[in-house]
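Student: I am new to this structure. Please walk me through it.

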Amino acid sequence: MKTEAMAILSTGDADVLQRMEIDLPEPGPREVRVRVRAVALNHLDVWTRRGLPHLRYAFPHRLGADIAGEVDALGPGAVGRVGQRVVVAPGVSCGVCARCAGGEDNLCREYKILGESTQGGYARHVVVPDRNLLPCPEGLAWEEAAAIPLCFLTAWQMVVRKGGVRPGQIVLVQAAGSGVSSAAIQLCKLLGAEVIATTRSPEKATRAIALGADHVIVTTREDLVKRVRELTLRRGADVVIEHVGGEVFEQSVLAAAWGGRVVTCGATSGFFPKLDLRQIFFRQVEVLGSTMGSRRDLFEVLALVQQGKVRPVLDRVLPLWSAADAHRALENGAAFGKIVLLVD
């Protein structure tokens with residue numbers, strides 16, 4: 001069938017996003033076609049659009065990992081119901097290896113992320129494996145549902161699985177306005193931790209406090225490491241949630257307590273920080289890498305959303321056909337929380 005999409009025919013700036021009609025294959029065995037109702041942006045969309053050296057693009061390429069919509073058609077043997085409201089898990093794995101069988105599908109050697117190494121949701125329809133369908137929490141608007149998967153899944157693994165955040169701990173969450181960090185703040189507070197958040201923008205500081213942060217450091221006005229030490233009585237943060245990279249990663253190590261953990265899932269400002277290794281081995285700081293999370297964890301996240309214990313944070317909602325403007329807003333650091341595209 002044919003469907004309409006915002007796709008790219010080459011990598012480049014936001015202007016490479018074009019509205020076009022594409023051919024969409026019929027769903028194969030254990031696949032479903034989803035009528036996309038909303039798709040949220042992530043920094044991964046920006047990096048993929050600009051061009052990633054390890055990817056083999058199949059143009060026209062569709063970005064978009066965070067998808068909410070309705071089941072439109074079932075392939076042979078697929079489990080699901082036409083018309084069912086669903087959230088799509090953003091990671092695709094083989095489903096049969098030891099990692100997948102053990103609930104660690106994001107460690108599968110064949111793991112792919114929708115919109116990056118496979119086609120994504122910037123379209124009216126998308127075909128995905130049936131195992132990627134999760135029930136959409138009741139009462140959520142499409143844009144709210146689409147704002148959940150990738151950022152909350154990533155934050156869950158960082159905070160719960162890798163960081164091991166416990167009641168009474170102090171957690172430093174870098175870049176409070178990002179989707180991952182807005183989710184991490186909520187999860188840390190839910191677990192009983194004290195949260196120190198950072199931002200470069202005084203305006204975003206107010207929103208971080210409203211989200212649950214106990215303290216906010218505006219890094220354009222204050223020295224991050226010095227202020228963390230003041231707030232923690234020179235102890236440092238037990239856990240640091242970090243995805244900025246560059247100098248911020250260097251500061252994260254310095255701001256961690258002796259025996260603390262720095263969990264990183266990205267490097268939006270630079271891949272090559274300068275580190276004094278003595279700050280890691282002498283103070284016994286653990287540095288943990290994290291990518292996405294398992295489908296099992298996404299069920300946990302959606303249950304918390306359904307119970308009203310955490311909530312998606314939306315910055316703005318635009319039509320899919322304004323995807324280029326949405327990308328520019330994300331690149332300019334203008335958003336607090338998620339930018340979501342509605343698909344008419």
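Tutor: One definition comes first: a residue is buried under 20% relative accessible area, exposed over 50% and partly exposed in between (1.4 Å probe, protein chains only). The model is predicted, so local features need pLDDT of at least 70 and side-chain atom pairs pLDDT 80 or more, while totals for chains, interfaces and linings use all residues. Residues are numbered from 1 along each chain as its sequence is written, and side-chain values use heavy atoms, without hydrogens and water.

Student: Is R30 buried, exposed or partly exposed?

Tutor: R30 has a relative accessible area of 44%, so R30 is partly exposed. R234 also has a positive phi, of about 75°, without being a glycine. The loop between α7 and β13 holds R234, and R234 counts as exposed because its relative accessibility is 72%.

Student: Why point these out?

Tutor: Most residues other than glycine have a negative phi, and most peptide bonds are trans.

Student: And which peptide bond is cis?

Tutor: The bond from F59 to P60 is cis, its omega being near 0°. P60 belongs to the loop between α1 and β4 (66-74).

Student: Changing topic, how many salt bridges does the structure hold?

Tutor: There are 25 salt bridges, each a side-chain nitrogen of Lys or Arg within 4 Å of a carboxyl oxygen of Asp or Glu. One of them joins the side chains of R50 and E331, at 2.9 Å from N to O.

Student: Where do R50 and E331 lie?

Tutor: R50 is in helix α1 (residues 43-50) and E331 in helix α11 (residues 323-331), so their pair ties together parts 281 residues apart in sequence. R50 is partly exposed at 46% relative accessibility, and E331 is partly exposed at 31%.

Student: What about D238: which residue does its side chain meet in a salt bridge?

Tutor: The partner of D238 is R235, with N and O 2.5 Å apart. D238 is buried, at 10% relative accessibility, whereas R235 is partly exposed, at 46%.

Student: And which residue forms a salt bridge with D297?

Tutor: D297 pairs with R296, and their closest N and O atoms are 4.0 Å apart. D297 counts as buried because its relative accessibility is 2%, while R296, at 42%, is partly exposed. Elsewhere, E4, R19, R124 and D344 belong to one network of salt bridges that share partners.

Student: Now the sheet, please. How many strands form the open sheet, and in what order?

Tutor: Six strands form the open sheet, in the order β12-β11-β10-β13-β14-β15, with parallel pairing. Two strands pair if DSSP finds at least two bridges between them. At the edges are β12 (215-218) and β15 (286-289), each of which pairs on one side only.

Student: Over how many bridges do β13 and β14 pair?

Tutor: β13, residues 237-242, and β14 pair over five bridges in the parallel sense. I241 stands opposite V263 of β14.

Student: What follows β14 on the way to α9?

Tutor: A loop lies between β14 (256-264) and α9 (278-281), and L275 is found there. L275 is partly exposed, having a relative accessible area of 36%.

Methods: Helix = DSSP H or I, 4+ residues; strand = E, 2+ residues; numbered from the N terminus.
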